Amino acid sequence: MIVRIWTGQVVSDRFEEFCTHLTSQLIPQLGRTDGCLGGELLRSVTEGGHRVLVVSRWRDEEALRGYAGPMWRIRPVCSEGEMCFLAHPPVVTHFMPITAPAML
């Protein structure tokens, strides 16, 4: 399994609108993508942060390549029109689990 974290710095006056867009468009689309094992949308806790993280879990590299293309390691996926919500281009990072999730 590979965890992909997409991070975007959102323009402050479009924050709520962007979060609505992600929950109604992106998250359902990820759920229909072969190899996506699930995901969640996280928003910054601070009012001034205006950051959004999309954390998704993927079966393997092949699934990520199918979703994001051959440059999946460095290429953030943005749907048409999303860049107008962002103050800067988004970035992606990837992690592989070391241990199973723990219940706290």
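Three elements, β1 (2-9), α1 (15-31) and β3 (51-58), each supply at least two residues of the lining of the largest cavity. Helices (H or I, at least four residues) and strands (E, at least two) are DSSP runs, numbered from the N terminus. The model is predicted: local features need pLDDT of at least 70, side-chain atom pairs count only at pLDDT 80 or more, and totals for chains, interfaces and linings use all residues. Residues are numbered from 1 along each chain as its sequence is written, and side-chain values use heavy atoms, with hydrogens and water left out.

β3 gives the largest share of that lining, three residues. The lining includes R4, W6, V54, S56 and W58. A lining residue has an atom within 4 Å of a cavity point; cavity points, on a 1 Å grid over the protein atoms alone, are where a 1.4 Å probe fits but cannot get out. The largest cavity holds about 100 Å³ of space, the volume being that filled by probe spheres set on points joined across faces, edges and corners.

The structure also holds six salt bridges. Each needs a side-chain nitrogen of Lys or Arg within 4 Å of a carboxyl oxygen of Asp or Glu. Among them are these:

| Pair | Closest N to O |
|---|---|
| E17 and R14 | 3.1 Å |
| D34 and R59 | 3.6 Å |

D34 lies in the loop between α1 and β2 (36-43) and R59 in the loop between β3 and α2 (61-68), so their bridge ties together parts 25 residues apart in sequence. D34 is exposed at 58% relative accessibility; R59 is partly exposed at 37%. Exposed means over 50% relative accessible area, buried under 20%, partly exposed in between (1.4 Å probe, protein chains only). Shared partners join D34, R59 and D60 into one salt-bridge network.

Conventions:
1 Å grid on protein atoms, 1.4 Å probe; cavity = no way out; pocket = protein on both sides within 12 Å on 5 of 7 lines; lining within 4 Å.
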